[in-house]
Amino acid sequence: MILKPVSRLVQELDARSFTVIGNPCSDGLGVESFQLFRAGLTAARGDFTVVLGDISPIGRDPYYRTVAEFVDRTSPKPVHVMRGNHDGPDYDEYFGTADRAVLSEHFALIMLDNSSRTFSSGSLKFLRETLAMVQTRTIVVAFHIPPPNRITGNSMPADEWRRFEETVGVWRNRIKLLVCGHAHSYFEDEIDGLRLVVTGGGGSTINELERVSRPPHHVVEIAAEDGQLQVAVQPLAANADAMADEEAATLVRIVYSVQCDHHVTHLLDAEAALEKGHAGAAHLYRAAAQSSLAQARALYRLMGREGLLDDLGTDYTAGLAGEAIDEVLLAHALETITRAEQQYVKILSRATDGLGEGDDIPTGVYYLCGNCGYLFAGVDSPNYCTACGAPGSSFQEVK
């Protein structure tokens, strides 16, 4: 359940621990990202969960609505969602106030908004007032973009960090940990005597950082014990959702078969077009084939397929045993496939408009979303995928 507290001070007096998830879906709302995010939510050991921002690729509907429904249906623990740099004006409606604190008898967690790489005067005022009020000497401060550190330059400006330090002032020695997201990795550092944990492995792509071994996808478990904080990294696996509901399983298998058929058919169409000397049409058919393959790949993961060796002896006509597939994830996958097919029809219609019988279409430029397979036509690809929200940097030109 997503928490949207009325007050910025949330009382959780018995809480001893919490789970931190960083960057779950900033690369787009794809099947693998959702599966990893789901693994983090369901395996959370803490008394509550904190998402360090970037819970969706673009901070507006329909992405917020989809991911909020997914979290509400999936998480067995209360979830606080912080604001990240991917978040937009609809954030408050879905997740509540960005500056808030969870107060326990064992620790205090103060969450601040620095999604624009700066702290507002209101955020720093809230930090100062909360530090002055709480009695515990075990305080954690969390914000999305990390302070200047020795690992990554993708951080807040040095003058902003000085503003933070000036605000902390005499309460500095009570802060035991800083927790940040943004960087798609995991590392620890010490910033002017303060311990820093940066985590971003909750579902989005893990990036390479110098002097840091590439971590697996993960969440971070933080627990207060005898006035000390224990930090543990918990690896995640994108376990496929088993489908006990035969109707849902049958639907996925049918759509998967259709996408496989479309992939092969488009490739055969491309061969036939080349035989006629129609290079433009062949190029578009190859692009469509790649789009269908991406849709089939997503459903392949949804069905729990991992490869030939894992599938030996599998009865493909039988329902898959286990818990029912998440309805939000299934609906999102099918909606994305529908939009991708409608987009291909639109591109094909525009390409063939006004052509005479036997004519070739002009040779076009086509881009494929690397996350969901949505196809774009044009010299310049857009900044993000309109189907899943993935950034334009993930797009691949179809050759």
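**Exercise 1.** List the residues in contact with Ile-55, leaving aside its neighbours within four places in sequence.

*Solution.* The model is predicted: local features need pLDDT of at least 70, side-chain atom pairs count only at pLDDT 80 or more, and totals for chains, interfaces and linings use all residues. Residues are numbered from 1 along each chain as its sequence is written, and side-chain values use heavy atoms, without hydrogens and water. Contact means heavy atoms within 4.5 Å. Ile-55 then touches Pro-24, Cys-25, Phe-37, Tyr-64, Val-67, Val-71, Val-81, Asp-87 and Phe-95.

**Exercise 2.** Find the largest nonpolar core and its residues with the most contacts.

*Solution.* Take buried (under 20% relative accessible area, 1.4 Å probe, protein chains only) Ala, Val, Leu, Ile, Met, Phe, Trp, Tyr and Cys, joined through side-chain atoms within 4.5 Å. The largest set has 42 residues. Phe-37, Ile-55, Phe-95 and Leu-302 have the most contacts inside it. Apart from this core lies another, of 31 residues, including Met-156 and Leu-194.

**Exercise 3.** Describe the lining of the largest pocket.

*Solution.* A pocket is an open set of points on a 1 Å grid over the protein atoms alone where a 1.4 Å probe fits, with protein on both sides within 12 Å along at least five of seven lines; lining residues have an atom within 4 Å of a point.
- Volume: about 730 Å³, the space filled by probe spheres set on the points.
- Lining: 36 residues, with Glu-32, Arg-297, Gly-370, Asn-371 and Cys-372 nearest the centre.
- Classes: 15 nonpolar, 16 polar and five charged.

Terms used
Buried < 20%, exposed > 50% of the residue type's maximum accessible area, 1.4 Å probe, protein only. Nonpolar A, V, L, I, M, F, W, Y, C, P; charged D, E, K, R; others polar.
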